[in-house]
Amino acid sequence: MHVFLLLTIVVGGEIVDLVGQTGVVAKFVLLLLLAFSLISWAIILSKWSLLRRARVQSGRFVRAFRKAQRLQDVGAVAEQFRPSPLVGVFEGGFEEYRRQGGVSSGMIKNPTAIQRAMQIANSEELTRFERNLPWLAITGAATPFIGLFGTVWGIIDAFHGLGTAGAATLRAVAPGISEALITTAAGLAAAIPAVIAYNLIGASIREFAARGDDFAMEMLNAVERQQPQAAYSAAEAPGARR
């Protein structure tokens, strides 16, 4: 009862009455479209929140990275900057840097391996961001046709009833057609937000992809800057003097 009153207030009494007068097939179509819409909005809100937090934490992580003197210092505090995808890129490169002995000696053998590790990590982070995103594309593509199916079925039913009654007037057929067109409106109401959100979220993810590539290059520069310092320290060690 409370749900019906809420729908009456939000949507309007006439629309709710039309929905109540629709046939079984139209009601099933409307329920299907409602399920598509609810799932889509859940994905939109969760992705929007994730991207907003990732954008804020990415800015903080980059500032912390640029202020740090050593990569080890960044690795000690990187976890607090999640869910930034740059943290995953850094951890992928830093793990390879550690395996090559960069933490202990400061010297690395293969910078290309570090770059590949960061590219793989960046791809994994983007895959995490894109999870469930295809559902928005499916909703945007399928729901208008589902609504159109309900409309066509309703019009067929309306004309069938018109032929049975024998009253071939516009006044007789108009209510049935107006009821049938509700499913088309519902299909568009489910599709339009999904299409807009899919494009906006996709653009944000592509922005993070470019930002991850830029950060990978910045980290490689930081690794290379530490090489001369490590070589100079090794040359100045007591055992290295002649």
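**Exercise 1. Describe how helices α3 and α7 pack, and state which residues form their contact.**

The axes of α3 and α7 come within 10 Å and cross at roughly 145°, where axes are lines fitted to C-alpha atoms, for helices over the stretch in contact, and angles run from 0 to 180 degrees between N-to-C directions. On the α3 side, the contact (heavy atoms within 4.5 Å) is made by Lys47, Leu50, Leu51 and Ala54, and on the α7 side by Arg128, Phe129 and Glu130. These residues divide into four nonpolar, no polar and three charged, given that Ala, Val, Leu, Ile, Met, Phe, Trp, Tyr, Cys and Pro count as nonpolar, Asp, Glu, Lys and Arg as charged, and the others, Gly among them, as polar.

Before going on, note that this is a predicted model, in which local features need pLDDT of at least 70 and side-chain atom pairs count only at pLDDT 80 or more, while totals for chains, interfaces and linings use all residues. Residues are numbered from 1 along each chain as its sequence is written, and side-chain values use heavy atoms, with hydrogens and water left out.

**Exercise 2. State how many helices and strands the protein has, and what share of its residues is buried.**

The protein has nine helices and zero strands, where helices (H or I, at least four residues) and strands (E, at least two) are DSSP runs, numbered from the N terminus. Of the 242 residues, 37% are buried, a term that means under 20% relative accessible area, with exposed over 50% and partly exposed in between (1.4 Å probe, protein chains only).

**Exercise 3. Determine how α5 and α7 are oriented, and list the residues that meet.**

Helix α5 covers residues 85-99 and helix α7 residues 111-130, and their axes come within 8 Å and cross at roughly 150°. The two helices are therefore roughly antiparallel to each other, since angles over 145 degrees count as roughly antiparallel, under 35 as roughly parallel, 65 to 115 as roughly perpendicular and the rest as oblique. From α5, Pro85, Gly88, Val89, Gly92, Gly93, Glu96 and Tyr97 meet Ala113, Ile114, Ala117, Met118, Ala121, Asn122, Glu125, Arg128 and Phe129 in α7. By class, the residues of this contact divide into nine nonpolar, four polar and three charged.

**Exercise 4. Decide whether Ser58 is buried or exposed, and name what it touches.**

Ser58 lies in helix α3, which spans residues 24-67. At 0% relative accessibility, Ser58 counts as buried. Leaving out residues up to four places away in sequence, Ser58 touches Ser84, Pro85, Leu86, Phe208 and Arg211.
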